[in-house]
Amino acid sequence: MHDDRIFEGLITSVSDDGSGITHNDGYTVFVKNACVGDKCLIEITKANKNYGFGVIKGLLTPSPHRIEPQCHSFPACGGCTLLHTDYSFQLELKRSIVRDALTRIGGFENVYVHETVPSEPSFYYRNKSQYPVGGKVGDVKIGFYSAKSHNVINNDNCLIETPDSRLVVSAVKNWMNKYKIAPYDENRHSGAVRHVYFRSAKTSIAVIVSRIANVPHLETLKAELLSLPLSAPLSGIVLNVNPNKTNTVLGKKDKILYGANYILASIGEITYKVSYRSFFQVNSFTTHLLYQKTLDLCALSKNDTVFDLYCGIGTISLFLAKHAKKVIGVEIIPSAVSDAKENAKLNNIQNASFYEGAAEEVCPDLIKKGEKADIVVVDPPRKGCAEPLLEAIAKMNPKKIVYVSCNPATLARDAKYLRTAYGYTLTEAYPFDQFPHSTHVETVCLLSKVI
Ligand code: SAH
């Protein structure tokens with residue numbers, strides 16, 4: 001337990017949840033809503049043995065990077081935790097997050113971390129939004145949960161979601177209020193509409209998640225939504241039924257009210273069909289640059305076989321296919337695999353094949369069947385790659401592994417393993433800002449064998 005409840009501190013770095021970090025005589029304190037560079041009076045509100053949590057009691061010298069957040073829901077919403085930090089400094093912070101992870105966790109002393117590639121624009125970039133629905137009959141709220149509660153607060157002014165998503169939300173809200181459609185009540189497990197989910201790219205989809213299937217006046221809602229002046233036309237309106245007492249947003253059953261259950265997106269020359277449940281990068285502006293860097297680092301020749309592990313709907317596989325002899329994608333979600341196969345057909349790509357299953361299981365099977373990769377791309381979720389997968393990859397002895405990561409800590413852990421166990425080196429890393437105003441950062445890097 002640390003005794004100095006109030007102390008003066010300089011915020012030197014940022015934690016995953018956007019809190020500022022300071023050290024008081026070696027004791028680490030996470031300070032809510034502080035900005036790196038702030039000099040402040042800090043009160044410790046919770047003290048654990050090795051670290052504590054605190055709040056700013058007085059801002060003595062504000063950081064030169066501190067700005068007035070332009071959103072009235074900051075910090076209550078909890079989404080854009082860096083909204084009080086100027087954008088160019090956010091990019092620097094992300095670069096140092098990647099650098100720190102690679103040196104501290106990975107032990108890579110001489111890695112060069114490039115400047116973070118910015119998102120242009122850095123506002124209104126999210127192509128996927130999901131909003132909880134609450135309030136009461138006739139006074140519906142659609143927006144986000146207030147901190148540490150399940151009370152829904154309206155958010156009509158979000159700076160990172162698209163104007164299209166706002167139009168959809170307000171149409172659903174007006175329709176619910178006009179026809180007295182009941183919002184879902186979590187405590188009583190009663191009412192109907194639980195969430196509004198919206199995705200957009202070249203086309204868009206609106207999904208209304210309801211506890212019950214027989215929601216009245218759906219035809220009117222459909223007409224209202226179809227009459228909206230959206231920048232990406234609706235290719236689907238879906239009623240998703242989730243009758244369960246659960247925090248999971250989507251239920252199993254879909255009823256298509258209009259069109260289909262997917263959107264179309266394009267990156268470079270490739271067009272993708274994305275089922276509304278499948279993974280797709282949320283920032284369409286930087287995704288192309290991210291995949292282009294992946295392609296550049298692969299430096300493919302027409303003799304190369306590429307494994308794209310954790311391939312989702314085949315996004316990277318198809319982006320690489322025409323530069324390689326063949327591409328093999330592996331993905332665990334069945335609907336994403338069928339999207340990937342269809343996407344190959346849609347783009348007339350014949351040298352890409354896709355397998356369903358856990359990469360750590362499918363990859364060794366493929367090797368047993370005689371497949372061998374010259375180059376491997378991995379793009380795992382936040383927890384990184386399973387160690388048996390890294391072993392299987394390394395046993396194929398590919399000349400390059402291109403690692404696309406949404407979590408610098410697991411990237412550093414996995415890269416360290418590949419270096420110490422198998423001699424792969426990492427000299428450069430490229431951060432991309434897929435998630436402006438949050439602390440998340442996407443990184444691409446090349447692991448190669450020095451010959
Ligand atoms: N490369 C794709 C998807 C990356 S997201 C893109 O850029 O669009 C990570 C993907 O890994 C998700 O589609 C997820 O369903 C999948 N996944 C998660 N665990 C997996 C595993 N053990 N094996 C294979 N795929 C997995």
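Modeller: In this predicted model, an oxygen atom of the ligand lies 2.6 Å from an N or O atom in the side chain of Thr-315. Two elements, α5 (315–321) and α7 (359–368), are the ones that give two or more residues to the shell around the ligand. That shell has 17 residues, of which Tyr-291, Thr-315, Glu-331, Ala-359 and Asp-379 come nearest to the ligand. Sorted by class, the shell is made up of 10 nonpolar, four polar and three charged residues.

In soluble globular proteins, nonpolar side chains tend to be buried together. Here the largest nonpolar core has 44 residues, and those that touch the most other members are Tyr-272, Leu-300, Val-306, Leu-318, Leu-320, Phe-354 and Val-377. Leaving aside residues up to four places away in sequence, Phe-354 touches a set of residues that includes Cys-311, Gly-314, Ser-317, Leu-318, Val-337 and Ala-340. Another core, of 37 residues, lies apart from the largest one, and Ala-373, Val-376, Ala-429 and Leu-447 are among its members.

Two further residues deserve a look of their own. Thr-286 is part of helix α4, which covers residues 284–298, and Thr-286 counts as buried because its relative accessibility is 1%, where the limit is under 20%. The side chain of Thr-286 is joined to that of Gln-434 by a polar contact of 2.2 Å. Apart from residues up to four places away in sequence, Thr-286 touches Pro-118, Ser-119, Asp-433 and Gln-434.

Ser-15, by contrast in its setting, lies in a loop, the one between β2 (13–14) and β3 (20–24). With a relative accessible area of 10%, Ser-15 is also buried, and its contacts, again without residues up to four places away in sequence, are with Ile-21, Phe-30 and Thr-439.

Note on methods: Residues numbered from 1 in each chain as written. Predicted model: local features only at pLDDT ≥ 70, side-chain atom pairs only at ≥ 80, totals over all residues. Heavy atoms only, no water. Near = heavy atom within 4 Å. Polar contact = N/O pair within 3.5 Å; in protein donor to acceptor, adjacent residues only side chain to side chain. Helix = DSSP H or I, 4+ residues; strand = E, 2+ residues; numbered from the N terminus. Nonpolar A, V, L, I, M, F, W, Y, C, P; charged D, E, K, R; others polar. Buried < 20%, exposed > 50% of the residue type's maximum accessible area, 1.4 Å probe, protein only. Contact = heavy atoms within 4.5 Å. Core = buried A, V, L, I, M, F, W, Y, C linked by side-chain atoms within 4.5 Å.
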